[in-house]
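This report is meant for a reader meeting the structure for the first time. Please keep the sequence and the 3D view open while reading.

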Amino acid sequence: MLVRPRRNRQNETIRSMVRETTLSTDQLIAPLFVVEGKNKIIPIDSMPGQARLSVDELIQEAKVLYSLGIKTVALFPVIEEKLKTPDAREAYNKDGLNFRAIQELKAALPEMMIMADVALDPYSSDGHDGLVDHKTGEIQNDATLEVLAKQALCEAMAGVDIIGPSDMMDGRVGFIRRALDESGFKNTLIMSYTAKYASAFYGPFREALDSAPKKGDKKTYQMDPANSQEALREGALDEDEGADILMVKPGLPYLDIIYRLKQSTYLPVAAYNVSGEYAMVKAAARNGWVDNDKVILETLTSFRRAGADIILTYFAKEAARLIHGV
Ligand code: PBG
């Protein structure tokens with residue numbers, strides 16, 4: 001035998017020398033849930049290790065993350081049921097939790113980059129990302145754009161660095177880009193949820209925010225899990241509409257989409273390792289069925305190997321500790 005691939009695997013020095021993919025905290029974004037109140041840390045049952053944090057606790061957690069090298073967080077506010085309405089006006093309330101969380105975190109830790117979602121579901125009494133026409137049940141595209149732009153502006157005014165449109169309405173990236181530019185927010189980034197699938201893996205997230213649709217599902221706006229060409233189409237549109245970063249969501253079941261999107265664009269590509277993916281690993285690890293730490297690093301490395309430049313993951317803090325050995 002002349003050719004022996006195992007020569008390149010015989011010790012850690014040669015393995016690390018020929019390693020093709022690297023994982024660093026520079027590439028990780030930690031999603032965090034925010035709740036009204038003070039000194040509140042409310043655990044999320046289906047996401048062991050994750051909690052809804054009041055703004056003071058959010059700031060503490062962000063400081064820990066920053067010290068571990070996680071320099072971007074994505075905030076998800078838990079909106080009180082009484083504030084949810086059909087027009088989702090709480091989404092652009094400048095006294096609301098979302099605004100205050102962004103503003104107070106930015107003031108306390110200006111070097112931390114803050115990302116915020118643009119979508120109506122946490123604020124809507126219908127639990128949909130867009131406005132619902134109650135006569136037909138239709139999720140209205142163009143009317144929703146106006147609300148999304150108001151929400152994006154509100155977040156920009158609060159000091160957000162990255163806007164993440166997660167609503168999947170047609171034309172929203174361009175609409176939001178124009179609204180931001182017209183108000184002087186030329187440097188606010190847009191990380192578009194480009195290929196966001198109608199997935200069952202968002203279950204724990206919807207539990208955390210109590211944001212599940214009251215009626216129906218999200219299949220008229222989120223993508224069919226059976227499609228991949230469509231992801232490239234969405235990517236081309238988002239590029240033309242001024243997106244800075246394209247995202248694929250969920251992550252692990254869609255590594256092929258990450259790969260294909262990365263091949264088809266010059267923009268950075270992000271992967272969202274979603275709540276259900278987190279819950280599965282935690283459930284198995286708690287039962288002693290898989291090794292928590294090893295599975296985390298293998299999972300995150302697989303995103304990088306598939307072509308993801310950036311990973312949004314609830315494992316961010318644990319991964320940072322594993323990467324730095326602390
Ligand atoms: C809101 C939104 C969702 C997630 C991120 N932003 C839920 C949904 O679209 O139903 C899911 C994140 C996760 O599951 O971790 N549109």
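The model is a predicted one, in which local features need pLDDT of at least 70 and side-chain atom pairs count only at pLDDT 80 or more, while totals for chains, interfaces and linings use all residues. Residues are numbered from 1 along each chain as its sequence is written, and side-chain values use heavy atoms, with hydrogens and water left out.

## Cavities

Rolling a probe the size of a water molecule over the atoms shows where empty space is left. A cavity is here a set of points, on a 1 Å grid over the protein atoms alone, where a 1.4 Å probe fits but cannot get out, and its lining residues have an atom within 4 Å of a point. Grid points are joined across faces, edges and corners, and a volume is the space filled by probe spheres set on the points.

The structure holds two cavities of 30 Å³ or more. The largest cavity has a volume of about 100 Å³ and a lining of 13 residues, among which Asp121, Lys196, Phe205, Lys218 and Lys249 lie nearest its centre. At least two lining residues of the largest cavity come from each of β9 (189-196) and α6 (203-209); helices (H or I, at least four residues) and strands (E, at least two) are DSSP runs, numbered from the N terminus. Sorted by class, the lining of the largest cavity has five nonpolar, two polar and six charged residues, where Ala, Val, Leu, Ile, Met, Phe, Trp, Tyr, Cys and Pro count as nonpolar, Asp, Glu, Lys and Arg as charged, and the others, Gly among them, as polar.

The second largest cavity has about 40 Å³ of space and is lined by Glu36, Val78, Ile79, Glu80, Leu83, Glu90 and Leu97. The lining of the second largest cavity divides into four nonpolar, no polar and three charged residues.

## The ligand

Around the ligand are 18 residues, the closest being Lys196, Arg206, Lys249, Ser275 and Tyr314, and a residue counts as near if one of its heavy atoms lies within 4 Å of the molecule. The table gives polar contacts, meaning pairs of N or O atoms within 3.5 Å; within protein, one atom must be able to donate a hydrogen and the other to accept it, and residues adjacent in sequence count only if both atoms are side-chain atoms.

| Side chain | Ligand atom | Distance |
|---|---|---|
| Asp129 | nitrogen | 2.9 Å |
| Ser166 | nitrogen | 3.0 Å |
| Lys218 | oxygen | 2.7 Å |

## Helix α5 and Arg177

In helix α5 (residues 172-182), the buried residues are Arg172, Val173, Gly174, Ile176, Arg177, Ala179 and Leu180; buried means under 20% relative accessible area, exposed over 50%, and partly exposed in between (1.4 Å probe, protein chains only). These residues pack against β5 (113-118), α4 (141-158), β8 (162-165), β9 and α7 (229-240), with contact meaning heavy atoms within 4.5 Å. Gly184, which follows α5, has a positive phi near 90°.

Arg177 has a relative accessibility of 11% and therefore counts as buried. The side chain of Arg177 reaches the backbone oxygen of Phe185 at 3.0 Å, and a polar atom of that side chain lies 2.8 Å from the backbone oxygen of Thr188. Leaving aside neighbours within four places in sequence, Arg177 is in contact with residues including Ile190, Glu241 and Asp244.

## Other residues

Ile102, found in helix α3, is buried at 0% relative accessibility. The C-alpha atoms of Ile102 and Ala116 are separated by 8.2 Å, with the two residues 14 places apart along the chain. Met157, in helix α4, is partly exposed, with a relative accessible area of 43%, and, not counting residues up to four places away in sequence, Met157 touches Lys94, Phe99 and Phe185.

Several backbone details lie in loops. The peptide bond from Lys249 to Pro250 is cis, with omega near -5°, and Pro250 is placed in the loop between β10 (245-249) and α8 (255-264). Ala88, a residue other than glycine, has a positive phi near 55° and lies in the loop between β4 (72-77) and α3 (97-108). Asp210, which is not a glycine either, has a positive phi of about 50°, and its place is in the loop between α6 and α7.

Definitions and conventions: On a 1 Å grid over the protein atoms alone, a cavity is a set of points where a 1.4 Å probe fits but cannot get out, and a pocket is an open set with protein on both sides within 12 Å along at least five of seven lines; lining residues have an atom within 4 Å of a point.
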